[in-house]
Amino acid sequence: MSEQKLTTWQVLRNRFPESEFVLIAEVSDASGFSRSRSLDFMVINLWQSRGLAITGIERKSNRGDWLKELKNPAKQENHFKHCEYFYLLTDKENVAKL
């Protein structure tokens, strides 16, 4: 039996189950012609007892893309201001360093 590789969506759903979280992909920073950027994923907690937190997730697959992002952190500011948490999601160890 071959091992099935999980999709990004499946990985996030395992971490943020449907019974507690809304998971949205490609979240625009505005509507219509005002849109300038999108966030890869946004997660909204639906349980008031846990704070109804909003989490932003940006997915990066290569180090060059991540370094480019670090040079211009303001480009995600329209998303940051709505998020209590913000994570980098990657599938390779060398994309980002602590």
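**Entry 1**

I then asked which residue forms a salt bridge with E58. The partner is K60, with the closest N and O atoms 3.4 Å apart; the criterion I used for a salt bridge is a side-chain nitrogen of Lys or Arg within 4 Å of a carboxyl oxygen of Asp or Glu. K60 counts as buried too, at 5% relative accessibility.

K60 also meets D65 in a salt bridge, at 3.5 Å from N to O, and D65 is partly exposed with a relative accessible area of 30%. Through shared partners, salt bridges join E58, K60, D65 and E69 into one network. I noted beside this that side chains of opposite charge can pair when their charged atoms come close.

R59 forms a salt bridge with D91, the closest N and O atoms being 3.5 Å apart. R59 lies in strand 3 (residues 54–59) and D91 in the segment after strand 4 (85–89), so this pair ties together parts that are 32 residues apart in sequence. R59 counts as partly exposed at 28%, and D91 as partly exposed at 46%. By the rule above, I count four salt bridges.

**Entry 2: conventions and confidence**

I number residues from 1 along each chain as its sequence is written, and side-chain values use heavy atoms, with hydrogens and water left out. As this is a predicted model, local features need pLDDT of at least 70 and side-chain atom pairs count only at pLDDT 80 or more, while totals for chains, interfaces and linings use all residues.

The protein chain averages a pLDDT (the predictor's confidence in each residue, from 0 to 100) of 85, and 95% of the residues score at least 70. Confidence is lowest in helix 3 (residues 77–80), at a mean of 80, and highest in helix 1 (residues 8–15), at 93.

**Entry 3: the fold in outline**

I found three helices and four strands in the protein chain, which run α-β-β-β-α-α-β from the N terminus on; helices (H or I, at least four residues) and strands (E, at least two) are DSSP runs, numbered from the N terminus. The C-alpha trace spans about 45 × 40 × 30 Å along its principal axes, and buried residues make up 28% of the 98 residues. Among contacts (heavy atoms within 4.5 Å) between residues at least 6 apart in sequence, 51% join residues at least 24 apart.

**Entry 4: the nonpolar core**

Which residues make up the largest nonpolar core? I listed eight: L12, F16, F21, L23, F41, V43, I57 and L89. Strand 1 (21–28) and strand 2 (38–45) each supply at least two residues of this core. A nonpolar core is here a set of buried Ala, Val, Leu, Ile, Met, Phe, Trp, Tyr and Cys residues joined through side-chain atoms within 4.5 Å.

Leaving aside neighbours within four places in sequence, F16 is in contact with F21, V43 and I57. I also saw that the charged end of R15 sits over the ring of F16, 4.7 Å from its centre, the test being NZ of Lys or CZ of Arg within 6 Å of the ring centre and within 35 degrees of the ring normal.

**Entry 5: aromatic pairs**

The structure holds three aromatic pairs. Rings of Phe, Tyr and Trp (its six-membered ring) pair if their centres lie within 6.5 Å, and planes under 30 degrees apart count as stacked, over 60 as edge-to-face and the rest as tilted.

The rings of W9 and F41 have centres 6.3 Å apart and planes at 50 degrees, so I recorded this pair as tilted. W9 lies in helix 1 and F41 in strand 2, so the pair ties together parts that are 32 residues apart in sequence. W9 is partly exposed at 37%, whereas F41 is buried at 10%.

F80 and F86 have ring centres 4.5 Å apart and planes at 75 degrees, so that pair is edge-to-face. F80 is partly exposed at 30%, and F86 counts as partly exposed at 30%.

**Entry 6: D29**

D29 lies in the loop between strand 1 and strand 2. Is D29 buried or exposed? At 17% relative accessibility, I counted D29 as buried. Not counting residues up to four places away in sequence, D29 touches S34, R35, S36, R37, N78 and H79. D29 and E77 are 48 residues apart in sequence and 9.1 Å apart in space, C-alpha to C-alpha.

Notes. Buried < 20%, exposed > 50% of the residue type's maximum accessible area, 1.4 Å probe, protein only.
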